[in-house]
Every structure is written in structure tokens, then in C-alpha cells.
Amino acid sequence: MNIAIIGVGKLGSKLCETLVGGDYSITLVDTNSELLDRLSQIYDVMTIHADARDIGVLESLDIHTFDYVIVATGRDENNMVIGQFAKELGCKTVIARVRDPEYMKHFEFIRSSLEIDYLVNPDFSITQEIFKYLAEKYTLSNGVFTSGSIGLIEFKANRKRELVGKKMPEVRKLLPTMLVAAISRNGKVIIPHGSDEIMEGDSLYLVGEKEEILELNRKVHVRGKYTDLQKVMIIGGGKTGYYLAEMLANFGISVKLIERSMDRCRYLSTRIPNVMILHGDGTDVEMLEEENLDEMDAFVTATGFDEQNLLLALMAKQRGIEDVISKVSREGYLNLIEHMGVDMVLNPLDITASNIFSVIQGGRRVISTMLIQGQAELVEVIASDDMMMASGPLKTLALSQGILIAAIYRGGEVIIPDGDTRVEEGDRVMILNLLSDIAGLEKLLKTR
């Protein structure tokens with residue numbers, strides 16, 4: 001399969017890293033020769049130093065032979081134009097990144113009129129996850145997700161107290177027909193392994209046979225309901241702050257949005273008049289106190305600086321605000337999250353890469369996907385005997401720490417796998433993977 005990535009900034013580089021281990025021939029196109037040289041030294045890819053707005057460049061690539069073209073330059077207008085050119089020249093599927101809120105109002109019109117197959121917006125994707133968390137505390141609509149005969153349940157560990165303090169082998173003895181697929185702890189989603197222990201306050205995600213999961217749900221689940229969320233403070237009036245403030249205000253929440261740029265404040269005040277827009281520095285704690293920081297039900301940091309977002313989130317959590325959410329784009333900071341106690345940390349690059357990966361895989365292998373707190377994904381796959389995951393017992397596959405084969409449906413039976421289990425042709429396989437390790441999932445699904 002031929003894939004071209006046009007524009008290899010943060011998102012383009014992330015997609016290259018994700019897809020390079022699969023069954024793809026990848027071509028990178030950019031006007032930055034230094035960036036292309038660096039990526040070509042790391043990955044086995046073809047690089048083209050050129051401006052893809054030139055139709056001659058696309059023609060010289062034989063763009064009509066490509067299965068997918070992903071356009072992610074720094075400008076929405078360029079992405080739409082290049083995407084349209086690629087589609088007109090015969091590329092099978094075009095995916096373009098479009099971020100501007102003005103274009104968001106006309107997504108479907110843009111997509112259909114330009115004949116672009118998929119439009120992705122990292123800022124809007126992350127906003128949807130934040131809104132879902134704040135407006136409805138349960139990640140799953142009613143605590144249970146089912147597909148065929150397999151079920152997934154989410155609940156707080158203290159709803160089944162005998163699990164608290166137990167390591168995974170002990171949990172398996174208590175619940176022999178179920179598997180703890182993920183743990184959400186202090187804002188971080190963890191794929192548990194043998195030495196991991198369930199702690200007070202953890203949210204657990206268990207996979208098992210659907211009827212057994214539904215029976216467990218009747219015992220542990222508190223009925224989902226909208227929260228009593230009333231006041232939210234957002235730091236940063238960029239695209240994420242804009243989208244979130246608008247969604248929350250339309251939901252009936254009182255929102256204060258703090259932005260340091262006066263020009264941006266003027267822009268926001270004309271677009272979202274039902275939100276209080278404050279011109280100021282979000283790192284000025286005295287100003288935050290004057291704006292009743294301690295009375296907020298939720299605090300969201302969405303500036304363009306990861307360090308600032310995390311420090312402000314930590315400050316807000318220490319002041320006792322119930323829900324603190326932070327936007328972080330640099331994966332190197334993710335290991336700090338668990339020790340900070342922040343409720344939710346989201347990476348827009350991971351979510352967007354996951355969305356694009358689902359599009360590319362969807363036509364061939366993936367039946368369904370579901371995000372878990374914006375950090376992990378439950379993927380259902382039909383196995384073929386030439387996939388890497390069907391090459392031997394699971395213990396021989398050298399799965400990365402961010403991947404877990406959670407359940408297998410075969411011949412009317414749900415199998416909770418162990419190290420000796422083999423994946424067979426035609427199995428429906430439930431895989432849980434961290435969005436930061438999509439590349440590991442791609443390697444698992446590639447053909448031998």
C-alpha cells in the first residue's frame with residue numbers, strides 16, 4: 001500500500017513513526033530539507049523536497065498510484081488545495097488536516113465540494129474528549145461497551161473493594177473469566193502487567209463474556225448521570241480553548257476563558273459572546289484568585305506550552321479543584337502525569353494519529369474502535385493467519401508495554417487469553433493499546 005504524507009511537522013512525523021512498521025511504502029513531501037534528511041536517517045522512507053501545491057510535483061510522484069495521501073502542512077488552505085489536487089489526479093483516498101474554527105462550521109460542505117474523503121481536526125478531537133469527560137463522568141455512556149459476545153465494563157475499584165491492593169495474578173484468581181485490560185490512575189491510563197497493583201481511587205476496565213460483564217455491571221456500576229458541573233475556567237484561548245468554551249457554554253455551563261493576547265480576546269468575544277473572555281496571564285495566580293479560581297468545578301489548561309499547562313494544572317489540583325484537565329503534546333512529559341494527580345491529560349497528536357490509523361486500517365482489518373479517556377483505544381480486529389499476532393503463542397510475540405490482547409471470540413466462545421493462547425484465522429480479537437503506542441499496534445497487525 002502506497003501512502004504519501006505531505007507536510008512532516010509534528011503530526012506528519014508522528015504518522016510516519018506510526019505507519020513505518022506496517023505493510024506500507026511511505027513517501028514524505030515537505031519544503032524543509034533538514035527535517036526530511038533527519039527522518040530519512042531514522043526511517044526507511046522516500047523523501048521529496050518540494051512544494052506539493054505545484055501540480056507538477058504531484059504528477060511526478062504518480063499520485064494516482066497512491067492509496068492514501070495525508071496532507072498536514074501548517075496552513076489549512078494549503079491542505080485543502082493540495083488534497084483537492086491529489087483527488088483530481090486520481091489518488092484513491094485523501095485525508096486533510098483542517099483546524100480553523102471558521103472552516104469547522106462548513107466541514108461537510110468543504111469535504112464534499114473539494115471531494116476530500118476525510119477531514120481531521122486535532123483541536124476539535126481533543127475538545128470532544130474533554131467535553132465528554134466533564135459533561136458525563138463515565139467514559140462509556142452507561143459503564144458498559146459490548147461488541148458481539150464480548151463486553152467491557154468501567155467502574156471505580158472501591159465498588160469492588162476485594163480487588164484493591166491485589167496484583168494482576170491475584171485479580172485473575174478472583175475473576176478467572178475476566179481480564180483487567182486498563183487502569184486509569186491520576187489522569188493516566190495504564191495497561192497493567194503482572195506486577196501492577198490495583199490502588200484505591202483507580203478506575204478499572206474489565207473485559208469478559210458479555211453476559212458476565214452485564215451481571216458484574218448490575219453489582220458495581222453507579223448509574224451514569226450528568227455532573228453538577230456549573231463553573232469552568234479555561235486557560236488559553238487558542239483553538240482548543242475556543243471549541244471547548246463554546247461547547248460548554250452551549251451546554252449551560254458558566255465559562256471563564258483567560259487569554260494573554262488582546263487581539264485574540266477581541267476575536268473570541270465576537271465569536272462566543274456567552275463566554276466571559278478575560279485578558280490576562282494565566283500564570284498570574286493572584287489574577288486567578290480574583291476571578292474566583294477556588295470556586296471552579298473544573299480547570300482546563302490549553303495554552304500552547306506544555307510546561308505551563310502542567311504547572312498550572314498541578315497548582316489547580318493542589319487547591320482542591322475537582323476536575324483538572326491538561327493538554328500536552330510532548331510525549332516525554334507523559335510519565336510525569338501519574339505523580340501529579342491531574343485528572344486527565346490529552347495529547348492531540350496521539351488522538352489524531354489514532355483517527356487516521358483507524359481510517360487506513362478500517363477497510364481491511366479493524367471492525368470497531370473506542371477511545372478510553374483520550375489516551376487508549378479498544379480495537380476489534382478480524383484476524384488472518386498471515387498477521388504477526390497469529391505467528392505463535394502470545395508470549396512469543398514480544399508485545400510492547402502499551403499493547404494488550406484482551407479477549408478473543410472464536411466459534412461462539414469468548415477466550416480470555418494467557419501467554420500460551422494462539423490467535424487463529426477468523427478470530428475476532430479485542431486489543432487495547434495506548435495511543436502513544438499506535439506503532440506497536442501496527443506491527444501486531446502487519447502481515448508476515
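You're looking at a predicted model, where local features need pLDDT of at least 70, side-chain atom pairs count only at pLDDT 80 or more, and totals for chains, interfaces and linings use all residues. Residues are numbered from 1 along each chain as its sequence is written, and side-chain values use heavy atoms, with hydrogens and water left out. Helices (H or I, at least four residues) and strands (E, at least two) are DSSP runs, numbered from the N terminus.

**The sheet with β1 to β6**

- Six strands make an open sheet here, ordered β3-β2-β1-β4-β5-β6, and the pairing is parallel; two strands pair if DSSP finds at least two bridges between them.
- The edges belong to β3 (46–49) and β6 (118–120), each of which has a single partner strand, so one side of each has no neighbour in the sheet.
- On average, neighbouring strands of this sheet are turned by 15° against each other, direction ignored. Axes are lines fitted to C-alpha atoms, for helices over the stretch in contact, and angles run from 0 to 180 degrees between N-to-C directions.
- Three bridges link strand β5 (residues 93–97) with β6, in the parallel sense. Look for R97, which stands opposite V120 in β6.
- Helix α1 packs on this sheet and touches β1 (2–6), β2 (25–30), β4 (68–71) and β5, with its direction at about 160° to that of β1. Contact means heavy atoms within 4.5 Å.

**A residue in α1**

- T18 sits in helix α1, which covers residues 10–19.
- With a relative accessible area of 2%, T18 is buried (buried means under 20% relative accessible area, exposed over 50%, partly exposed in between, using a 1.4 Å probe and protein chains only).
- Leaving out residues up to four places away in sequence, T18 touches A353, F357, I438, A439 and E442.

**The sheet with β12 to β17**

- Another open sheet has six strands in the order β14-β13-β12-β15-β16-β17, with parallel pairing.
- At its edges stand β14 (276–279) and β17 (344–346); each has a single partner strand, so one side of each is left without a neighbour in the sheet.
- From one strand to the next, the twist averages 15°.
- Strand β13 (residues 254–259) runs parallel to β14, and four bridges join them. Check I258, whose bridge partner in β14 is L278.
- Helix α11 (residues 262–271) lies across β13 and β14, at about 170° to β14.
- Helix α13 (residues 306–318) packs on the sheet too, touching β12 (231–235), β15 (298–301) and β16 (323–327), and its direction makes about 175° with that of β16.

**A residue in a loop**

- You'll find E322 in the loop between α13 and β16.
- E322 counts as partly exposed, at 48% relative accessibility.
- E322 is 164 residues from N158 in sequence, and the two are 18 Å apart in space, C-alpha to C-alpha.

**Where α7 meets α10**

- Helix α7 (residues 122–135) packs against helix α10 (residues 239–250) at an angle of about 40°, and their axes are 9 Å apart.
- That makes α7 oblique to α10 (under 35 degrees counts as roughly parallel, over 145 as roughly antiparallel, 65 to 115 as roughly perpendicular and the rest as oblique).
- From α7, the contact uses D123, F124, I126, T127, I130, F131 and L134, while α10 brings K239, T240, Y243, L244, M247 and L248.
- Those contact residues split into nine nonpolar, two polar and two charged. Ala, Val, Leu, Ile, Met, Phe, Trp, Tyr, Cys and Pro count as nonpolar, Asp, Glu, Lys and Arg as charged, and the others, Gly among them, as polar.
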